[in-house]
Amino acid sequence: QSPGLKTYYQDYFPIGVAVSPRALHSDEAKLIRQQFNSLTAENAMKMGPLHPSEDTYYWKDADSIVAFALRNGMRIRGHNLCWHNQAPRWFFTNSAGDTVSKAVLLQRLKAHITAVVSRYKGKIYAWDVVNEVISDKPEEFYRNSEFYRICGEEYIAKAFQYAHEADPDALLFYNDYNEIDPVKREKIYRLVKNLQAAGVPVHGLGLQAHWAINEPSESQLDSTLQRFSELGVQLQITELDISVYPKEHSARKARPADTATTLTREKEDRQAAVYRMCFALFRKYRDVITGVTFWNVSDRHSWLDNFPVRGRKDYPLLFDKNLLPKKAFREVVEF
Ligand code: G3I
């Protein structure tokens, strides 16, 4: 029985994985226990699943993930307290169906964050407080979300303050994707700098790291980690996967439909080389990187099976559909 990822990296940083309650009740649970020492709820702790209506919280799935982690001596990353995606409609509308005022929305956001962070105080050590508020459009700084339209940028600082009041010991992260793109990278850098300058308790920056066999290059990733390490906050790789389909240069353009839905040897070799390069750089920046989390457990299931092309099987992780280590696993642990 070879040691797990967490053992190979025990002198570097925790190695985590995003899970659903279903995974914890399947044969993936054994692999999770063997390989990882940190968990993130893939969906169970998001605003919609947790807080479907103003007076209703649904804790069962989130609690089951927390219980599994605590039973197995694993850390827990909370994901996420504020996101434009899966934010339930009720947050933004009053009983008459009109859009709420900024004051009402901030009061609802405070109630949500306070209830959630308080419940897991002392159990969840780090929260993705705000997720993906930076726009992918070069000419736009903030994403034009409902939160932004109603509150302006203020909801971002407020979310961090609400979380800090609820659990002063929790590490509070800003989390985003497409962090390799130089334009977006600088906007993310600027956001964190502005929050720090305003005295907002931002302790870390999460790089989602949804990458592919053609991106990032070693120099792109090195430049990104170098730039973000100048912020003076912790960095974490929060949602790592390496799609076997080349990523188009524009963030949102769908990857080319690929007839070969089987994992060809060539794709597997390219993916292994990218994983090797990534982990070599994660080790190089070990003084500032405090965690690396994969998004989903094995190629049996990935969110990429439905994004950006619904139903197109992807093979983005280190373990195959039979939960056996792939070539990429060996490239990551042999250093
Ligand atoms: O739970 C419902 C189920 O009751 C319903 O029958 C079904 C059909 O509509 O939907 C189910 O909810 C789905 C949920 O995943 C759980 O499976 C949502 O439709 C679906 O949109 C949701 O997708 C998740 C996505 O975030 C959107 O929230 C993915 O699983 C999840 O991997 C993905 O993760 C995000 C991170 O949170 C943030 N960074 C990007 C990353 C990838 O999009």
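User: Which polar side-chain atom lies 3.0 Å from a nitrogen atom of the ligand?
Analyst: In this predicted model, that atom belongs to Glu-132.

User: And which side chains have an N or O atom by an oxygen atom of the ligand?
Analyst: Glu-42 is one of them, with a side-chain N or O atom 2.6 Å from a ligand oxygen. Asn-43 is another, and there the distance from a side-chain N or O atom to a ligand oxygen is 3.0 Å.

User: How much of the ligand does the protein cover?
Analyst: The ligand on its own has 790 Å² of accessible area, and the protein covers 47% of that.

User: Which residues around the ligand come nearest?
Analyst: There are 14 residues around the ligand, and the nearest of these are Glu-42, Lys-46, His-79, Gln-86 and Glu-239.

User: How does that shell divide into nonpolar, polar and charged residues?
Analyst: The shell holds 7 polar residues, 4 charged ones and 3 nonpolar ones.

User: You mentioned His-79. What kind of peptide bond joins it to Asn-80?
Analyst: The bond between His-79 and Asn-80 is cis, with omega at about -5°. Asn-80 itself sits in the loop that runs between strand 3 (75-79) and helix 6 (102-119).

User: What about Gln-86: is its phi positive or negative?
Analyst: The phi of Gln-86 is positive, about 65°, although this residue is not a glycine. Gln-86 is placed in the loop between strand 3 and helix 6.

User: Where does the peptide bond from Phe-307 lead, and is it cis or trans?
Analyst: That bond runs from Phe-307 to Pro-308 and is cis, with omega near -5°. Pro-308 belongs to the loop between strand 9 (289-294) and helix 12 (327-333).

User: Changing topic, at roughly what angle do helix 9 and helix 10 cross?
Analyst: The axes of helix 9 (residues 182-197) and helix 10 (residues 218-229) cross at roughly 15° and come within 11 Å. Helix 9 is therefore roughly parallel to helix 10. Helix 9 makes a right-handed crossing as it passes helix 10.

User: And how do helix 10 and helix 11 run, roughly parallel or antiparallel?
Analyst: The axes of helix 10 and helix 11 (residues 265-284) come within 10 Å, crossing at roughly 25°. These two helices are therefore roughly parallel to each other. The crossing of helix 10 and helix 11 is right-handed.

Technical notes
Residues are numbered from 1 along each chain as its sequence is written. This is a predicted model: local features need pLDDT of at least 70, side-chain atom pairs count only at pLDDT 80 or more; totals for chains, interfaces and linings use all residues. Side-chain values use heavy atoms; hydrogens and water are left out. A residue is near a molecule or strand if one of its heavy atoms lies within 4 Å of it. A polar contact is a pair of N or O atoms within 3.5 Å; within protein, one must be able to donate a hydrogen and the other to accept it, and residues adjacent in sequence count only if both atoms are side-chain atoms. Accessible areas come from the Shrake-Rupley method with a 1.4 Å probe; for residues, only the protein chains shown count as cover. Ala, Val, Leu, Ile, Met, Phe, Trp, Tyr, Cys and Pro count as nonpolar, Asp, Glu, Lys and Arg as charged, and the others, Gly among them, as polar. Axes are lines fitted to C-alpha atoms, for helices over the stretch in contact, and angles run from 0 to 180 degrees between N-to-C directions. Helices (H or I, at least four residues) and strands (E, at least two) are DSSP runs, numbered from the N terminus. Angles under 35 degrees count as roughly parallel, over 145 as roughly antiparallel, 65 to 115 as roughly perpendicular and the rest as oblique. A crossing is left-handed if the near helix is turned anticlockwise from the far one by less than a right angle, and right-handed if clockwise.
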